[in-house]
Structure formats: C-alpha cells, structure tokens
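Student: I have a new model open and I'd like to learn how to read it. Can you walk me through it feature by feature?

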Amino acid sequence: MKKFVTAALLTSATSAFAAGQFSPLISYERVYSEPSTVTSETSDMLNAAIEYTFPRSLSVYGGVQFLQADGTETSAQVGARFYTPSPLFYINGQMPVWPYIGAGANLLSHATYYPEIGIRFGISPNIRLDAFMKTYNSNDLDYDKHATLGIGLSF
C-alpha cells in the first residue's frame with residue numbers, strides 16, 4: 001500500500017511540476033510584537049527566495065533571510081503556502097485576490113518555525129503582491145514568539 005501511495009504522489013507531483021512556474025520572491029517583514037523575555041532586539045527581516053507555484057493552489061519557496069537584530073544575521077529559509085483554488089474576489093473586476101495559509105522554517109543557530117497567513121494580489125499575470133503575518137517559534141529566546149507583518153513581491 002505504501003508503494004501505491006508513493007507512486008500516486010510522485011505522479012501527481014510530476015504532472016503539476018510540468019505546468020508550474022518559477023519566480024523570484026522578495027519580501028520585507030517588520031516585528032510588531034515580541035515577548036518581554038527577549039534577549040536581543042530583532043526589528044526587521046529581508047527575504048530573498050525562489051518560489052515555485054504549482055497549478056493546484058500550492059507554492060514552495062526557499063532562499064535566504066537577513067535579520068536585523070543586535071547585528072545582521074543570515075539564515076536559510078524554506079516554506080510552503082496553500083492558496084484557495086480560485087480567487088476569493090476581484091478588485092475593480094480585474095485584480096484577483098487569493099487568501100493563503102503557510103508554514104516554514106529558518107535555519108539560524110537554532111531552527112525557527114513559523115505559520116503564516118496572508119493574501120496575494122494578482123497585479124498582472126506575472127507580478128503578484130503579498131501581504132502577510134508570521135509568528136516565529138523557537139527554542140532560542142532571540143526569535144521565539146516574535147510576530148511580524150510583511151509585504152512581498154513575486155515577479
């Protein structure tokens with residue numbers, strides 16, 4: 001049974017891969033809430049990633065994140081987002097808007113995990129604008145329980 005499920009997943013993944021799209025994803029996050037037990041001042045984050053959008057309401061991304069804390073730190077970042085199959089609504093009848101939920105991880109000195117929620121605006125067929133919120137969770141007090149608001153651009 002495991003072989004059958006694995007084969008079915010690989011078949012669906014490769015068919016989706018054939019029709020997907022790679023694009024750069026640049027985003028900026030600003031910390032708006034942090035716990036009182038924090039040991040450093042993390043203020044903002046800049047992310048540079050490559051996103052692969054599947055035709056079936058899923059995207060995965062990976063890249064680097066630059067954190068501005070007491071100094072500048074760099075980490076690797078991976079994540080995935082699940083979109084609604086069709087736009088939730090259109091702005092002015094032309095700009096589609098998709099809500100999404102996602103999850104990801106940053107590989108700092110300690111791994112940091114985050115859930116995210118957001119909306120994606122289809123500015124044009126190739127340009128998308130994201131507005132999102134993330135909550136970071138980690139064993140490291142420098143990054144645990146930080147909430148951020150962000151904006152991203154995919155083109």
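This is a predicted model: local features need pLDDT of at least 70, side-chain atom pairs count only at pLDDT 80 or more; totals for chains, interfaces and linings use all residues.

Student: Next, burial. What percentage of the residues count as buried?

Tutor: Of the 155 residues, 39% are buried.

Student: Which residues make up the largest nonpolar core?

Tutor: The general idea comes before the list: in soluble globular proteins, nonpolar side chains tend to be buried together. In this model the largest nonpolar core has 10 residues: Leu25, Val31, Met45, Ala49, Tyr61, Leu67, Leu108, Tyr114, Tyr136 and Tyr143. Strand S1 (21-33), strand S2 (44-54) and strand S3 (58-68) each give two or more residues to this core.

Student: Let me zoom in on one of them. What is tyrosine 143 in contact with, leaving aside neighbours within four places in sequence?

Tutor: Tyr143 touches Thr42, Leu67, Glu73, Leu108, Thr112, Tyr136 and Ser138. Compare that with the core list, where you'll find Leu67, Leu108 and Tyr136 as well.

Student: How many cavities of 30 Å³ or more does a search of the whole structure find?

Tutor: There are 2. The largest has a volume of about 60 Å³, and its lining consists of Leu25, Ser27, Asn47, Ala49, Tyr61, Gln77, Arg81 and Lys134. S1, S2 and strand S4 (72-83) each give two or more residues to that lining. By class, the lining has 3 nonpolar, 3 polar and 2 charged residues.

Student: And which residues line the second largest cavity?

Tutor: Thr42, Met45, Leu67, Asn106, Leu108, Thr112, Tyr136, Tyr143 and His146 do. Our Tyr143 is one of them. The volume here is about 40 Å³, and the lining divides into 5 nonpolar, 4 polar and no charged residues.

Student: Now something open. Which residues lie nearest the centre of the largest pocket?

Tutor: Thr53, Phe54, Ser57, Tyr83 and Trp98 do, out of 14 lining residues. The pocket's volume is about 240 Å³. When you sort its lining by class, you get 7 nonpolar, 5 polar and 2 charged.

Student: Last one, backbone angles. Where does asparagine 92 lie?

Tutor: Asn92 is in the loop between strand S5 (89-91) and strand S6 (95-107). Check phi there: the angle is near 55°, a positive value in a residue other than glycine.

Student: Is asparagine 92 buried or exposed?

Tutor: The cut-off for exposed is over 50% relative accessible area. Asn92 has 74%, so it counts as exposed.

Student: What is phi of lysine 145 near?

Tutor: Lys145 has phi near 60°, again positive in a residue that isn't glycine. Look for Lys145 in the loop between strand S8 (128-138) and strand S9 (146-154). With 54% relative accessibility, Lys145 is exposed.

Key: Residues are numbered from 1 along each chain as its sequence is written. Side-chain values use heavy atoms; hydrogens and water are left out. A nonpolar core is a set of buried Ala, Val, Leu, Ile, Met, Phe, Trp, Tyr and Cys residues joined through side-chain atoms within 4.5 Å. Buried means under 20% relative accessible area, exposed over 50%, partly exposed in between (1.4 Å probe, protein chains only). Helices (H or I, at least four residues) and strands (E, at least two) are DSSP runs, numbered from the N terminus. Contact means heavy atoms within 4.5 Å. On a 1 Å grid over the protein atoms alone, a cavity is a set of points where a 1.4 Å probe fits but cannot get out, and a pocket is an open set with protein on both sides within 12 Å along at least five of seven lines; lining residues have an atom within 4 Å of a point. Grid points are joined across faces, edges and corners, and a volume is the space filled by probe spheres set on the points. Ala, Val, Leu, Ile, Met, Phe, Trp, Tyr, Cys and Pro count as nonpolar, Asp, Glu, Lys and Arg as charged, and the others, Gly among them, as polar.
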